[in-house]
Amino acid sequence: MSGQSDGNLPASIDEMAGLLGRHDYLASRPLATVLFLSLKMGRPLFLEGEAGVGKTEVAKVLAKALDRPLIRLQCYEGLDISSAVYEWNYPAQMLEIRLSEATGVSDRGRLEGDIFSERYLIRRPVLQALQGVEGKAPVFLIDELDRTDEAFEAFLLEMLSDFQVTVPELGTIRAAEPPIVIVTSNRTREVHDALKRRCLYHWVDYPKAAEELEIIRRKVPACNEALSRQIVAYVQKLRTLDLFKNPGVAETIDWATALTELDRLALDPETISDTLGTLLKYQDDIARIQGGEGQKLLAEVRAELLAG
């Protein structure tokens, strides 16, 4: 399958990394590589990883960087075709039927052809994603696919293989130019191999300390350097604990923003205890860190930064 038309697409892996970086997304070399190949090969990209590591942000930043519309399909349990792909405008169809009856139209075949035309078709995200114009095909984000069921996964196979959808009343609707497809999963369940085979794959991990520090510098520029280093070191240590839910990059940014708003210049036990709700989202985790374990982590952070 051929890739996207060249347009404003990056011509190398370095250009891809630079393009994302100019929009404040720090992509690792492997991520920049698989993104570049996804565009070149015209293949969907399947991003898997823990919640909060920046999978959804990849699609958002890519759409902004390439100046493409972003179409998002937020997945959830019970998602069906009428919500994700299309449905018919039944009130308008009924009105057309009644008007036809009132005017004496008796040709049922003609009437059926009229009411099941694109005029009455309501396009949901999947069909919207197939409506790109040359050089401006949208970025189509299928977010948290693992929340849906296997039946919906099976339906997506046609779209991900051939960038087309079959509407029984209209036939096959095919994209003039394939959208850039990003599929994400938090791995709450395994996604079927048949779907993964249609995609390139990348596991998005938590950033290393130096990468997370650079993210704070870009996203929360008002946060002073010393506090930023303490925040990153503390969060990195939190992720080594057996917490119910580790803080993601988004939570690190929120915590840095909150501490900056409070005019804090350094971490202290009271500040950490008061602001843990911006970093951790489960009471058991918060209670654990508010106890002695949180103070122990802070002491370790201070010692390591002082030694470094």
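Student: Which residues of α8 are buried in this model?

Tutor: Buried means under 20% relative accessible area, exposed means over 50%, and partly exposed covers what lies in between, with a 1.4 Å probe and protein chains only. In α8 the buried residues are F152, E153, L156, L157, M159, L160 and S161. This is a predicted model, in which local features need pLDDT of at least 70 and side-chain atom pairs count only at pLDDT 80 or more, while totals for chains, interfaces and linings use all residues. Residues are numbered from 1 along each chain as its sequence is written, and side-chain values use heavy atoms, with hydrogens and water left out.

Student: How many residues does helix α8 have, and what span should they give?

Tutor: Helices (DSSP runs of H or I, at least four residues) and strands (runs of E, at least two) are numbered from the N terminus, and the expected span of a helix is 1.5 Å times one less than its number of residues. Helix α8 covers residues 150-162, so its 13 residues should span 18 Å, and the 19 Å between its end C-alpha atoms agrees with that.

Student: Where in α8 is the kink centred?

Tutor: The bend at a residue is the angle between two fitted axes, one for the seven residues ending there and one for the seven starting there. In α8 a kink of about 30° is centred on L156, a residue that is also among those buried in this helix. Just after α8, F163 takes a positive phi of about 50°.

Student: Which loop holds D24, and what is its phi?

Tutor: D24 is found in the loop between α1 (13-22) and α2, and its phi is near 65°, a positive value in a residue other than glycine. At 33% relative accessibility, D24 counts as partly exposed. E144 also has a positive phi, near 60°, and lies in the loop between β5 and α8; at 17% relative accessibility, E144 counts as buried.

Student: How many salt bridges does the rule count?

Tutor: A salt bridge is a side-chain nitrogen of Lys or Arg within 4 Å of a carboxyl oxygen of Asp or Glu, and by this rule the count comes to 19. One of them joins K196 and E48, whose closest N and O atoms are 3.7 Å apart. This pair links distant parts of the chain, with K196 in helix α9 (residues 193-196) and E48 in strand β1 (residues 45-48), 148 residues apart. E48 is buried, with a relative accessible area of 0%.

Student: Which parts does the salt bridge of R72 and D143 tie together?

Tutor: The side chains of R72 and D143 meet at 2.7 Å, N to O. R72 lies in strand β2 and D143 in strand β5 (residues 139-143), so the pair ties together parts that are 71 residues apart in sequence. R72 counts as partly exposed at 37% relative accessibility, whereas D143 is buried at 2%.

Student: Where do R217 and E214 lie?

Tutor: Both R217 and E214 lie in helix α10, 3 residues apart, about one turn of the helix, and their side chains meet in a salt bridge at 3.4 Å, N to O. R217 is partly exposed, with a relative accessible area of 34%, and E214 is partly exposed, with 26%. A network of salt bridges links D24, E214, R217, R218, E225 and R229.

Student: How much space lies in the largest pocket, and which residues are closest to its centre?

Tutor: Rolling a probe the size of a water molecule over the atoms shows where empty space is left. On a 1 Å grid over the protein atoms alone, a cavity is a set of points where a 1.4 Å probe fits but cannot get out, a pocket is an open set with protein on both sides within 12 Å along at least five of seven lines, and lining residues have an atom within 4 Å of a point. Grid points are joined across faces, edges and corners, and a volume is the space filled by probe spheres set on the points. About 740 Å³ lies in the largest pocket; 33 residues line this pocket, and the closest to its centre are Y25, V53, G54, K55 and V249. α3 gives the most to the lining of the largest pocket, with 4 residues.

Student: How does the lining of the largest pocket divide by residue class?

Tutor: Ala, Val, Leu, Ile, Met, Phe, Trp, Tyr, Cys and Pro count as nonpolar, Asp, Glu, Lys and Arg as charged, and the others, Gly among them, as polar. The lining of the largest pocket divides into 14 nonpolar, 7 polar and 12 charged residues.
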